[in-house]
Amino acid sequence: MPAARASARSGAAGASGAKAASGAAPGGSGVPAASGRADAPPAPAALAAKVRTLAPSMTRSMQRVAEAVAGDPAGCAALTVTGLAELTGTSEATVVRTARLLGYPGYRDLRLALAGLAAQQQSGRAPSVTADIAVDDPLADVVAKLAYDEQQTLADTAAGLDTVQLGAAVTALAAARRTDIYGVGASGLVAQDLAQKLLRIGLVAHAHSDPHLAVTNAVQLRSGDVAIAITHSGSTGDVIEPLRVAFDHGATTVAITGRPNGPVSQYADHILTTSIARESELRPAAMSSRTSQLLVVDCLFTGVTQRTYDTAAPALAASYEALAHRHAPRTR
């Protein structure tokens, strides 16, 4: 059973390992399995990003609390837990559960973060553009709006990325005998990007977008191997199935997802959370989700290159040299 295997694995640090061991279902009561970890609470600047990332997985009552604190941090910071419960039409227990889901030990810690966020907003300047693109927008406005949205996506992802989980994933990748990466659609392009990066520093890596090949390859994985699932929704069956197979066969598993409480987390030892994309009529969510996924991939690759520098540097140099003639100017 995956749960038994997760609880038995020595030194498993992933949030989903705790979830599997406790038997909690993904996206359950709203309190994440990782809430018991001794991680530091999010910085005030990360609060809004955390709300955007986790709100889709919350209950409707918890969403009302999250939206209230993100929309009016100064006003909510002045409220007691009872006052915020009354404002949002919820209960004190719901307010406390929301605070914990956002990464704070209790409501008092959330209020302190809200006060800090309000102070930052008052001293800063409101953004001059939004990413809502209209059909008749001039191209100059489209460029400005897309650039702003990309920057926000990257900032949200960086603010919400758990560096402890990232470090654990880097350690596993640096020592892996083999790495398999699963992704379909836009996430499949990201999987290919990570695979080719790892190959260029001399590591064995394969990207799989065909679900049948992904599963048949996952069967060959063992302890000491790594399997990475890339799914923005956290519920893509063609990606979850090979990750489950790899999980069952003892490989270290990593999920790169925008839904950290989604089904994929049940089979992930380490979860790397990306920003939730804002989808509009003219800009599918896949565009911004890919941006955040690529940032996480670059963080993974850079971390692995640092850990394996003695072998990675010569491998990179060799790959550059092998391609140098293709970039040289042609002579007539």
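How much accessible surface does the chain have, and what share of it belongs to carbon and sulfur atoms? The accessible surface comes to about 15,800 Å², of which 56% belongs to carbon and sulfur atoms; such areas come from the Shrake-Rupley method with a 1.4 Å probe, and for residues only the protein chains shown count as cover.

## The model at a glance

This is a predicted model: local features need pLDDT of at least 70, side-chain atom pairs count only at pLDDT 80 or more, and totals for chains, interfaces and linings use all residues. Residues are numbered from 1 along each chain as its sequence is written, and side-chain values use heavy atoms, with hydrogens and water left out.

The chain has 15 helices and five strands; these are DSSP runs numbered from the N terminus, helices being H or I of at least four residues and strands E of at least two. Among contacts (heavy atoms within 4.5 Å) between residues at least 6 apart in sequence, 72% join residues at least 24 apart.

## The sheet and its helices

Strand 1 (residues 179–182) joins strand 2 in the parallel sense over four bridges, and D180 stands opposite H206 in strand 2. Axes here are lines fitted to C-alpha atoms, for helices over the stretch in contact, and angles run from 0 to 180 degrees between N-to-C directions.

## A helix pair

Helix 4 (residues 60–71) and helix 7 (residues 92–101) pack at about 70°, with their axes 9 Å apart. They are therefore roughly perpendicular to each other (65 to 115 degrees; under 35 is roughly parallel, over 145 roughly antiparallel and the rest oblique). Helix 4 contributes S61, M62, V65 and A66 to the contact, and helix 7 contributes T94, V95, R97, T98 and L101.

## A buried threonine

T157 lies in helix 9 (residues 139–160). T157 counts as buried because its relative accessibility is 1%. Leaving aside residues up to four places away in sequence, T157 touches T273, T274, S275, S292, L295 and V296.

Methods. Pairing = 2+ DSSP bridges. Buried < 20%, exposed > 50% of the residue type's maximum accessible area, 1.4 Å probe, protein only.
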